[in-house]
Each structure stands twice: as C-alpha cells, then as structure tokens.
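Here are my notes on this model.

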Amino acid sequence: PGRRDHEAREELRALGLPVPRSLHLLERGGDSVVVLEDLEHTESLRERLLRDPGAAGGFLPELLELVRRLHRAGWYHRDLYLDHVLPVGDPERLFLIDLGRARRDARPRARWFVKDLAALWHSTPSGVQPRLGLRFLAGWLDAHGVQGLRERRRWLLSCEDGPPRRRRA
C-alpha cells in the first residue's frame, strides 16, 4: 500500500495537484510504508464545515478545481470524502490526502467519477446549503461537457442507484 500511495502521490504532484510530498518510501519484502511531509493543519475540511457550515462557499471554487483537475487527468480517488481534504496554511489552500486507493486509467469508467462525487456529497455536513452542492455538481458537469438541462438530467438518471443521499452530521 505504501508504494501505491507513493506512486500516486508523485504522479499527482507532477500534474501540479496539491498533495503532501513523499519524503521516504520504505520497503521490506511485500510490505511498504511512505513517510510524508507534515502538513500543518488543525482539521479536515469536513471538520471545518461541521464547525462553520457558512465557510463552504469560500472553499467551493478551489475544491471544484481540485476535483476537476483530478478527474480530467483520468484519476479517481476512490475515498474522496471531505475528511481527506485538508485546509492548510495562511491563506488556506486545500490538499488531498489518503491516496493509497487512487487510480488512473486512460479511459476511466464514469462510475468511478460518480463514486467520488457521491463520497463528497455523503461527507458534506447537513448544515451546508444544498445549493452549494448543486453549484459544485454543475461546475463539474460543465468541465466534463455535460451541459444543458436535458443532458444533465440524462446524466443524473444514468447513475446506477440514482442520486446519492447525504449523511446527517
């Protein structure tokens, strides 16, 4: 798992995505572990939004750009919860963590992107206004060429189990 995390991290860093640097990759036999740079932070984005739901609008453009860039490059996270996004620094910048399950495919199946989007929605605290989730989805669909009300409805209805539900905070 450490090697996989390290390799994904290095590829994503090469694309300019904000992920912590790998400092060391240690391997012995079939086991591996990666030592990461310490990102000074006090909470995940989910924890921040639980504490201050009104902050969501300020993070929306950067989170959208991060996810758009990830997906446009053929990557999907597979655990893309707000717990795995960290606001770091001053001014704050979002960093993506927990990349051990992230994958890149030349032609990724749409279901992986839907799963990432559903994980973000699922991990969004209930205090965050639902319209912000819709703005996020609209921006993501724009970036993937899904435009117009009819095409967007068709895309949403093509999701295997319908639109995901958000968990309660």
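**Notes on salt bridges and a buried serine**

1. Glu92 is partly exposed, because its relative accessibility is 33%. The classes are buried (under 20% relative accessible area), exposed (over 50%) and partly exposed in between, with a 1.4 Å probe and protein chains only. Salt bridges that share partners link Glu92, Arg48, Arg51 and Glu43 into one network.

2. This is a predicted model: local features need pLDDT of at least 70, side-chain atom pairs count only at pLDDT 80 or more, and totals for chains, interfaces and linings use all residues. Residues are numbered from 1 along each chain as its sequence is written, and side-chain values use heavy atoms, without hydrogens and water.

3. The whole structure has 11 salt bridges (a side-chain nitrogen of Lys or Arg within 4 Å of a carboxyl oxygen of Asp or Glu). Arg48 pairs with Glu43 at 2.4 Å between the closest N and O atoms. Glu43 is buried because its relative accessibility is 11%. Arg48 also meets Glu92, at 2.6 Å, N to O. Arg48 sits in helix α2 (residues 45–51) and Glu92 in the loop between β4 (85–88) and β5 (93–96), so this pair ties together parts 44 residues apart in sequence. Helices (H or I, at least four residues) and strands (E, at least two) are DSSP runs, numbered from the N terminus.

4. Arg9 and Asp5 form a salt bridge at 2.5 Å, N to O. Both lie in helix α1 (residues 2–14), four residues apart, about one turn of the helix. Arg9 and Asp5 are both buried.

5. Ser22 belongs to strand β1 (residues 22–28). Ser22 counts as buried because its relative accessibility is 14%.
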